[in-house]
Amino acid sequence: MLILGRLVACIQLVCILRVDLVYGYYRQQRKLIEEIDWSYTGTLNQKNWGKKYSACNGAKQSPINIDEDLTQVNVNLKKLKFHGWEKETSEDTFIRNTGKTVEINLTNDHYVSGGGLDTVFKASKITFHWGKCNASSDGSEHSLEGQKFPLEMQIYCYDADQFTNFEEAIKGNGKLRALSILFEIGLEDNPDYIPIINGVDSVSRFGKQAALEPFILLNLLPNTTDKYYTYNGSLSTPPCSETVEWIVFKDTISISENQLAVFCEVLTMQQSGYVMLMDYLQNNFREQQYKFFGQVFSSYTGQEEIHEAVCSSEPENVQSDPKNYTSLLVTWERPRVVYDTMIEKFAVFYQQLDGEDQTKHEFLTDGYQDLGAILNNLLPNTSYVLQIVAVCSNGLYGKHSDQVIVDMPLEDQEASNSSHESRIGLAESLESEKKTVIPLVVVSALTFICLVILVGILIYWRKCFQTAHFYLEDNTSPRVISAPPAPVFPVSDDHTRVKLAQLSEKDGKLTDYINANYVDGYNKPKAYIAAQGPLKSTAEDFWRMIWEHNVEVIVMITNLVEKGRRKCDQYWPAEGSEEYGNFLVTQKSVHVLAYYTVRNFTLRNTKIKKGSQKGRSSGRAVTQYHYTQWPDMGVPEYTLPVLTFVRKASHAKRHAVGPVVVHCSTSPLMEHLEREPPHEFCPSGADSEEANSAGVGRTGTYIVLDSMLQQIQHEGTVNIFGFLKHIRTQRNYLVQTEEQYIFIHDALVEAILSKETEVLETHIHAYVNALLIPGPTGKTRLEKQFKLLSQSNTQQCDYSTALKQCNREKNRTSSIIPVERSRVGISSLSGEGTDYINASYIMGYYQSNEFIITQHPLLHTIKDFWRMIWDHNAQIIVMLPDSQNMAEDEFVYWPNKDEPINCESFKVTMIAEEHKCLSNEEKLIIQDFILEATQDDYVLEVRHFQCPKWPNPDSPISKTFELISIIKEEASNRDGPMIVHDEHGGVTAGTFCALTTLMHQLENENSVDVYQVAKMINLMRPGVFTDIEQYQFLYKAILSLVSTRQEENPSASMDSNGSALPDGNAAESLESLV
C-alpha cells in the first residue's frame, strides 16, 4: 500500500511538471514577443525606431557615407595602439545568435588607445552586418565614396575606468568607441577568419550560443590600420545613443564568397501577428543617415597635405555676369557641408589677373542669407579672378571656391542694379553715371509694338496652350493646377464641344449645347466624353447625348451628396422605369460592391417606334460604373480599388462603338445657367472652388489612368505629363489638384509593379504555377507580390492615437496597432476622454467597412469591446482560437446567463447557447446575446461564434471554408460590420476576412484577386500578413475551393492550364525602371 501511494505521488508530480513546462513554454513565447521592440523588417522596422527611441531621430546618427574630399586631415589622429590584441582569445569567448546579428563577447583584456584621445578603451563585443550575401549586394552600414560593401564588422569598446561593462556604459551615456572593418570578396578563404566563420555556422539557429575556437583579434584587422576616418556619431541600433566615436578603416578585409554565404544561413525569429516564425536573417543593416550634421576627420600618416582649419566646404556654382563695363554681378550657392558651427557671412576675393596692380580685394556680404554681390569700380577691358569663401561664427573661413576668371567689357553695357540692393550688398557706394537719353517718341513706339506682340502671344497661348499648369498656394483649399483665369468655371472648349441635335427652346431659340467635350484616349481620338454631372434640368439632354452618340458605358465618379452638399442629381430611375423627355430609361439590375456599383439600363427613344423601318433599334443597353468611395475635395486613400474600377470599366467598353461618358460632380453655379452656354453668362462672386470641380478633376484623373494603363499594356511606357497636356487643350482643368496628379503617379507605379492580379477561375492553376517559377533574378513572382503587399508606406502609417501614453496599455502588443485612417472609434465614457480601441476596419467584397479586426479583449478593455459592438451595430462576432495561454478570466469576456455586464448606457445579457459539430468532429460554440439600452427600449441582437482550431493544419485544406460558409450564411441576414478577432488581431483574423472576401468574389465574378485582398488588409491593418507562407496559404486555399467548384460543375471548367502570366518584355522593362 505504501509503495502504491508513492507511485501515485510520483505520477502526480510528473503531471504537474509537464503542465508547468507547457505553461512555461507559452509564457516564454509570450515574453519573447513582448521583448521585441525593434526590428529591421515589419512594423517595427528602422523607420519606426524613432517612435520609441527618440535619439534615433537625432542629428548625429550613424551610419554615414564617407566622402574623402569632405573630410579634414587632423595631424593629431596618428597611429592607433592595440594592447593585448596579439594574444589568442580565451576559451570562455562565446558567439551568440541574437536574432538581429551574431555577436561575439570578448572576455580578454583587449585595449585600444591613440587616435587623438588619451582615454584607453576596452573591447567588449563584435557584431556583423550583411545583406544578401553575394559579392554585388549591399550589406555594410558605412560606405566609402558612395561604395557599400557586402559585410561590415564592428568592434565596440567602452571606458573601463568609468564602467564595469558595455551595457552599463550605454545606460550611463558613457563615451564609446567603435571600430568598423569593411569586407570585400576574394577568391580564397581568409584563414584568420576560419574560427569566426565556424562559429557563425554553429549558431545559425536563433538564440543559440557556442564557444569559439581561439583566434587572434589583431589578425581580424586590416593589414594597415594607419589610415582611418573618425567622426562622432551614434549606435546604429536602438537606443541610438549619440555617444560613439566611430573609427572606419580605409583598407578592407578579403574573404571568399563561401565564407560570406555562411552569414546568410543565420536564422532569426520574426514576429508574425501573434506567433514567432523562423526566417533567414538578411539585410540587418541600418540605412545611412543623410541628415547627419558633423565633421568627418581623416587620420594623418605623414603623406597627406595639411590644410589650415576650415569651417565649411566651398561655395558651389559660382557665376559672374558683367552688368556694365565697371560693375560685376557675382552669385553662388551655399556650401554642401558646414562643420559644427554656422555661416555668418560670405567673403568675395577678387584681383586683376594680369598687370602691375595685384592687390587682393575682399568684399563681405551683410549676412549668411546673401548669395550674391555686386562689385563696382572695376576697370573696363580687364580680366579679374574671383573666389568665394564662407565666414563662420567661430572666426574660421571655409574652403575657397574654384577660381572664376571674368573679362570686363570694353563698351558700356548699362544695366540697372537697383533691384538687387535689397538682397545683395554693394561693394562700394554707387556712383552716378551718365545715361543715354532716348527720344520719348521712340520709347512710346517701341512700347506700343511690344504690347501688341504681347497681347497676340497671350491670345494664341490662351487658345492653344491652356495646359500649362501653375501651382497656386491657398491655405484654405488644395493646391490647384490652374489654367489662365479667364473663365470662372470649366466651359466647353468650342473646338471639342459635344453638340446635340438642335431643338427649340421655350423662347424659340435653337440650341445644341451641353457642358461636355470630346477627349482623346490612347491611340483613339474622341475616346471619351468628359461632362459635368447632370442637373434635373439637364437630365434629358444627358440621355439625349447618350443616345445620339451611341454611348454604351457611363463612368460616374461622385456621390449624389457629399458632406451635405449636392454634387449631382439622380438622372436614373431608383427602380423600374422613368421618362426623361423622349427617352425611357429602365433599370435592369444593380450590383453593389465595396467601392463601386454597377447598374445596367435599357434606353429607349419613345419617338422611334418598335420595328421602325429606318433600321434603328428603339432600345439600347447602357452600363453605368459608379465609384462610391472618392472623398470630397481629396483623393482615395488606396490606389488598388481605383485601379480595379478603371480596369472593370475599361473591359466593359472594349467592344463599344461610341465614346465612354465620364462625369463627376456639377457646380451649383450651373443651376443658374440652365441650358445657356457658360461663355454667355458669368455670375459675379462665383465660388471658383465649386465651379472648378464640375466634370474636370476626378473625370480627368480617370481618363489619364485609363489611357496610361492601356499605353503600359501595349507599349510598356507612360507619358503622364504629355498626355495630360494634350487633353487639357480639349477640356479645361482636367486633373484639377496637385493631389490628383500625385495620385495618378502612385496608382500607375502600383499598376506597373504589381501588374494585373485578378485571375479567372479557369486560369487560376496556371497563374499560380507561373507565380512559383523563378525569374532571371532567382526570385519568383510570388515573392515579388509578397514584398509589395508587405511594404509599408510610412507617410501614410499614422499611429498617433494608438501610441498615446494613455492608450498603450490597451494594446496586447505594439507590433499590431491600428493606423489612423482605418481606426475604429468608440464613444468615450464619462470622465474618459479617449475613443481608442485596438481595432481596424477591413474592406470586404460588399462593403468598404465589412469587417472589424480587433484583438482579444484585455480585462480592462472588455467594456470597450462591447461598446464598440453597440456603437457600430455589429451583430456577429467571430472568435478565432489563439488564446491557449490565457487565463480563464481573461479568455472569457462575455457574461454568463445569470450575470449581465453593465456598460452604463446598455447592458449585455446571454440568452442562449448551442453547440454545432463540424465535419472534422470539432465543436463550434454559438452564443446569442442581447444588448439592451438603459434609457430606452432599443435592443441589439448579437450572435457569437466561438470557433475551434482554424485553420486546422490536421484537416484537409478544403475544410477551411466550412466555417466560413456557416458564418457567411448567418451574416447575410444581419446588418453591421462583422467583428473578427484572434489574440492580437493578426494573421488568423486577417486570413478569415481574406478568404471570406475571395469566396464572395469567386461566387459572383468567377475570378479572384488574392493580391489585392491581402494588400488591402495589410494597408488597413499593417502587420497582419508578415510571412510569405501566410500569403501562400491564401493561394492554396483558393486553389482547393476552385477545384471543389470544378468537381461540382465540370462544364464550367474551361481549361487554360497552359497559360502563363501576361507579362511582356515592355512591361518588365518598365517595372525595372520603377
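1. Strands β21, β20, β23 and β24 form an open sheet in the order β21-β20-β23-β24, with antiparallel pairing. Strands here are DSSP runs (E, at least two residues; helices are H or I, at least four), numbered from the N terminus, and two strands pair if DSSP finds at least two bridges between them. Because β21 (361-364) and β24 (404-407) are edge strands with a single partner strand each, one side of each has no neighbour in the sheet. From one strand to the next, the twist averages 30° (axes are lines fitted to C-alpha atoms, with angles from 0 to 180 degrees between N-to-C directions).

2. Strand β23 (residues 383-392) and β24 run antiparallel and are joined by four bridges. Val385 lies opposite Ile405 in β24.

3. The model is predicted: local features need pLDDT of at least 70 and side-chain atom pairs 80 or more, while totals for chains, interfaces and linings use all residues. Residues are numbered from 1 along each chain as its sequence is written, and side-chain values use heavy atoms, without hydrogens and water.

4. The protein chain has a mean pLDDT (the predictor's confidence in each residue, from 0 to 100) of 81, and 80% of its residues reach 70 or more. Confidence is highest in strand β32 (residues 553-556), at 96, and lowest in strand β26 (residues 470-472), at a mean of 30.

5. Over residues 463-491 pLDDT stays under 50, and the model has 83 contacts for them beyond four places in sequence (contact means heavy atoms within 4.5 Å). Where pLDDT is low, the predicted coordinates should not be read in detail.
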